[in-house]
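Hello,

Here is the structure you will be taking over. Please look through it first; my notes on what was found follow below.

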Amino acid sequence: MTERPAPPKYKSRAKAPAERPRTGAPRAIADLMPDIGRAAFRKFGFVQSSIVTRWAEIVGSHYAGISAPESIRFPVGQKAGGTLQLTVMSGHAPMVQHMLPDIVERVNRFFGYAAVAKVAMRQGEITPARAERRPPPRNLKPIPVELGDSLRDIGDPELRAVLESLAQGLANSSGLPKIN
């Protein structure tokens, strides 16, 4: 007698495609962060994340300490004439309200076009983010004597400091840099 052929077994999942080889060199995480943050900032109404990070440069340190941008809302289909939402510390709103024309001018100057037409204020708590600045670590080896003597003749203190730093970096290096 004849035997029946076994029924074909069906695959439950398609075979995963082979992973393609990666191209390009490794990138520093700092290079990737603006791209990651850009999507989150746009979701909450910011065209540029730099308005938040550079708020102190835009409006000045005094007003940055008492106010913070929340979002910029634009009319549908436009990227100009938007409304800037500001959070202002309690008690400082009247002073900031007098400065609104200057703030709008400074924000528009930052963007390079008339991005903001109105400002809406809300009172709230502002936590000033102060960047902790640490001095660079001291190098262990002193500047070689022959370089130190020649640097003393330079009159410009800023140039002398830069050249001393360069000389100290050369003194601490272990030979010539390797270029791959």
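**Notes on the structure**

Asn108 is found in helix α6, which covers residues 100–111. Please keep in mind that this is a predicted model. Asn108 counts as buried, because its relative accessibility is 15% and the limit for buried is under 20%. Leaving out residues up to four places away in sequence, Asn108 touches Tyr113, Ala114, Ala115 and Val116.

**Aromatic rings**

The count of aromatic pairs comes to two. One of them is formed by Phe110 and Phe111, with 5.8 Å from centre to centre and 70° between the planes, an edge-to-face arrangement. In the other, the ring centres of Phe111 and Tyr113 are 6.1 Å apart and the planes stand at 55°, so this pair is tilted. Together, ring pairs link Phe110, Phe111 and Tyr113 into a cluster.

Which of these residues are buried, and which are partly exposed? Phe111 has a relative accessible area of 14% and is therefore buried. Phe110 counts as partly exposed, at 23% relative accessibility. Tyr113 is also partly exposed, with a relative accessible area of 34%.

**The nonpolar core**

The largest nonpolar core has 23 residues. Those with the most contacts inside this core are Trp55, Leu84, Ile103, Val107 and Val116. Two or more residues come from each of these elements: α3 (55–59), α4, β2 (82–88), α5 (93–98), α6 and β3 (116–123). Which element gives the most to this core? That is α6, with five residues.

Trp55 has a list of contacts of its own. Not counting residues up to four places away in sequence, Trp55 touches Ser50, Gly60, Tyr63, Ala64, Ser67, Ala68, Pro69, Leu84, Leu86, Ile103 and Val107.

Ala64, one of the residues that Trp55 touches, has its place in helix α4, residues 61–66. Ala64 is buried, because its relative accessible area is 17% and buried means under 20%. Setting aside neighbours within four places in sequence, Ala64 is in contact with Trp55, Ala56, Val59 and Ile126. Where does Val88 lie relative to Ala64? The two are 24 residues apart in sequence, and their C-alpha atoms are 9.4 Å apart in space.

**The chain as a whole**

The chain has eight helices and three strands. Read from the N terminus on, the elements run α-α-α-α-β-β-α-α-β-α-α. Of the 180 residues in the chain, 22% are buried. The chain exposes about 15,000 Å², and carbon and sulfur atoms supply 57% of that area. Among contacts between residues at least 6 apart in sequence, 61% join residues at least 24 apart.

**Where to start looking**

For a first pass, open the model at helix α6, where Asn108 is found, and go on to the cluster of Phe110, Phe111 and Tyr113. After that, turn to Trp55, which is among the residues with the most contacts inside the largest nonpolar core.

Regards

Notes:
Residues are numbered from 1 along each chain as its sequence is written. This is a predicted model: local features need pLDDT of at least 70, side-chain atom pairs count only at pLDDT 80 or more; totals for chains, interfaces and linings use all residues. Side-chain values use heavy atoms; hydrogens and water are left out. Rings of Phe, Tyr and Trp (its six-membered ring) pair if their centres lie within 6.5 Å; planes under 30 degrees apart count as stacked, over 60 as edge-to-face and the rest as tilted. Buried means under 20% relative accessible area, exposed over 50%, partly exposed in between (1.4 Å probe, protein chains only). Helices (H or I, at least four residues) and strands (E, at least two) are DSSP runs, numbered from the N terminus. Contact means heavy atoms within 4.5 Å. Accessible areas come from the Shrake-Rupley method with a 1.4 Å probe; for residues, only the protein chains shown count as cover. A nonpolar core is a set of buried Ala, Val, Leu, Ile, Met, Phe, Trp, Tyr and Cys residues joined through side-chain atoms within 4.5 Å.
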